[in-house]
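Please look over the structure below before reading my notes. Keep the sequence open beside it.

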Amino acid sequence: MSDATPTDDEDAQGGLRKIIHVDMDAFFASVEQRDNPELRGKPVAVGGSGGRGVVAAASYEARKFGVKSAMPSVTAKRLCPDLIFVKSRFDAYKEASRQIRAVFEHHTPHVEPLSLDEAYLDVTEDRLGIGSATRIAELIRQEIKAKTQLTASAGVSYNKFLAKLASDQNKPDGLCVIRPGEGAEFVAGLPIRRFHGVGPKAEEKMKGLGIETGADLAEKDIDFLRTNFGSFADYLFRAARGIDLRPVRAHRIRKSVGGERTFSEDISSGAALRDTLENIIEIVWERIENANARGRTVTLKVKYTDFQIMTRAKSVPYWVEDKAAFARIGRELLEEALPLPMPIRLMGLTLSNLDHGEPEKPDEDSAQLSLL
């Protein structure tokens with residue numbers, strides 16, 4: 001692993017790609033601090049402050065006290081008595097995201113947004129002919145700062161998995177490069193919790209099996225991993241070796257559009273679940289709009305504390321064309337699932353059945369409910 005010194009060794013040797021992962025720093029909270037000078041330098045949480053509230057985002061000043069996204073607001077306030085809560089302003093976040101996306105597209109058409117505040121970019125061939133992925137990442141961070149007054153961290157590598165790890169390495173306002181040949185060594189030194197998809201429960205299970213670092217994981221063969229982690233095993237096997245062949249998909253034909261959140265603490269109360277769902281609705285609908293997607297099936301996904309997954313889906317014979325309809329169906333699915341049999345560690349919402357036909361719109365009463 002190297003620091004962010006521009007060199008010419010990021011050439012696509014042997015067909016390797018040049019991938020950048022850009023992740024805005026504490027995005028929602030940073031927008032609030034930017035727009036309200038009185039909040040700068042203070043611990044800020046975006047979300048509801050009442051007993052039912054959930055933290056949607058936390059500033060770095062708040063994170064020093066252990067405040068995290070998806071944390072119940074009462075817990076956050078207990079950790080940080082001086083925490084300032086502000087209500088979400090998704091219009092402001094969307095506008096900042098639009099400006100950031102324009103910066104990306106100035107350099108490459110190959111942009112795969114993951115959310116309002118992060119994206120993968122393939123700059124193997126960049127629009128300005130710069131050639132160096134590290135230099136492009138530096139320019140992108142500078143342009144974002146100049147246009148939005150917000151800071152971004154970036155990771156540069158030869159695949160998506162490593163680029164994402166790198167973007168988190170020197171946060172906030174940092175840049176990290178993992179060059180060809182360095183991926184396996186970089187991953188070997190990481191605590192297992194840094195692997196995307198490994199939450200607290202999975203970490204606990206892995207430690208019980210003697211897996212604490214990437215190096216420990218790489219020592220396990222695929223049969224051992226499949227026995228203990230099922231379908232998650234193939235990903236873990238490749239990740240421990242720094243392997244990821246997924247391309248950046250800028251204009252992929254979508255079968256669904258959605259998003260999910262993994263919680264820092266398992267949640268079970270109906271109030272906390274409802275508040276979390278509202279945040280997911282806002283984020284996912286933004287993705288739906290960006291994708292110009294129209295669908296007829298809304299699916300709610302939850303992962304229980306024991307890693308079992310439950311999904312509920314509702315299909316309607318007309319397009320779900322606005323956020324109000326999408327939100328209504330999502331809320332109905334959650335209410336039908338309550339009370340949950342045990343706490344959950346993840347919640348997600350997806351719009352699918354993205355047909356290109358033009359169905360007739362009947363009465364809503366004819367909508368069918370299906371359990372998956």
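Predicted model: local features only at pLDDT ≥ 70, side-chain atom pairs only at ≥ 80, totals over all residues.

My comments follow as numbered points.

1. Start with the open sheet of three strands. The strand order is β3-β2-β4, and the pairing is mixed. The edge strands are β3, residues 55-58, and β4, residues 84-86. Each of these two pairs on one side only. Neighbouring strands of the sheet are turned by 30° against each other on average, direction ignored.

2. The pairing of β2 and β3. Strand β2 covers residues 44-47. How many bridges join β2 to β3? There are three, and the two strands run antiparallel. To check one by eye, find A45: its bridge partner in β3 is A58.

3. A helix over the sheet. Now turn to helix α1, residues 27-35. Helix α1 lies across β2, β3 and β4. Its direction is at about 110° to β2.

4. Salt bridges in general. Side chains of opposite charge can pair when their charged atoms come close. The count for this model comes to 22 salt bridges.

5. K171 and D25. These two form a salt bridge, with the closest N and O atoms 2.7 Å apart. K171 sits in the loop between α6 (160-167) and β8 (175-177). D25 sits in the loop between β1 (19-24) and α1. The pair therefore ties together parts that are 146 residues apart in sequence. Are the two residues buried or exposed? K171 is partly exposed, at 23% relative accessible area. D25 counts as buried, because its relative accessibility is 2% and the cut-off for buried is under 20%.

6. E112 and K160. Here is another salt bridge, with the closest N and O atoms 2.8 Å apart. E112 belongs to strand β5, residues 111-115, and K160 to helix α6. The pair links distant parts of the chain, 48 residues apart. Both E112 and K160 are buried.

7. D35 forms a salt bridge with R34, and the closest N and O atoms are 2.8 Å apart. D35 is partly exposed, with a relative accessible area of 38%. R34 is also partly exposed, at 21%.

8. Cysteines. A disulfide is a covalent bond between the sulfur atoms of two cysteines. How many disulfides does the model have? The count is zero. C80 counts as buried, at 1% relative accessibility. C176 is buried too, with a value of 1%.

9. A buried loop residue. Find I211 in the loop between α8 (200-208) and α9 (214-218). What is its relative accessible area? The value is 0%, so I211 is buried. Leave aside its neighbours within four places in sequence. I211 is then in contact with I192, M206, D216, L217, K220 and F224. P191 is 20 residues away from I211 along the chain, and their C-alpha atoms are separated by 9.1 Å.

How values were computed: Residues numbered from 1 in each chain as written. Heavy atoms only, no water. Pairing = 2+ DSSP bridges. Helix = DSSP H or I, 4+ residues; strand = E, 2+ residues; numbered from the N terminus. Axes fitted to C-alpha atoms, helices over the stretch in contact; angles between N-to-C directions. Contact = heavy atoms within 4.5 Å. Buried < 20%, exposed > 50% of the residue type's maximum accessible area, 1.4 Å probe, protein only. Salt bridge = Lys/Arg side-chain N within 4 Å of Asp/Glu carboxyl O. Disulfide = S-S within 2.5 Å.
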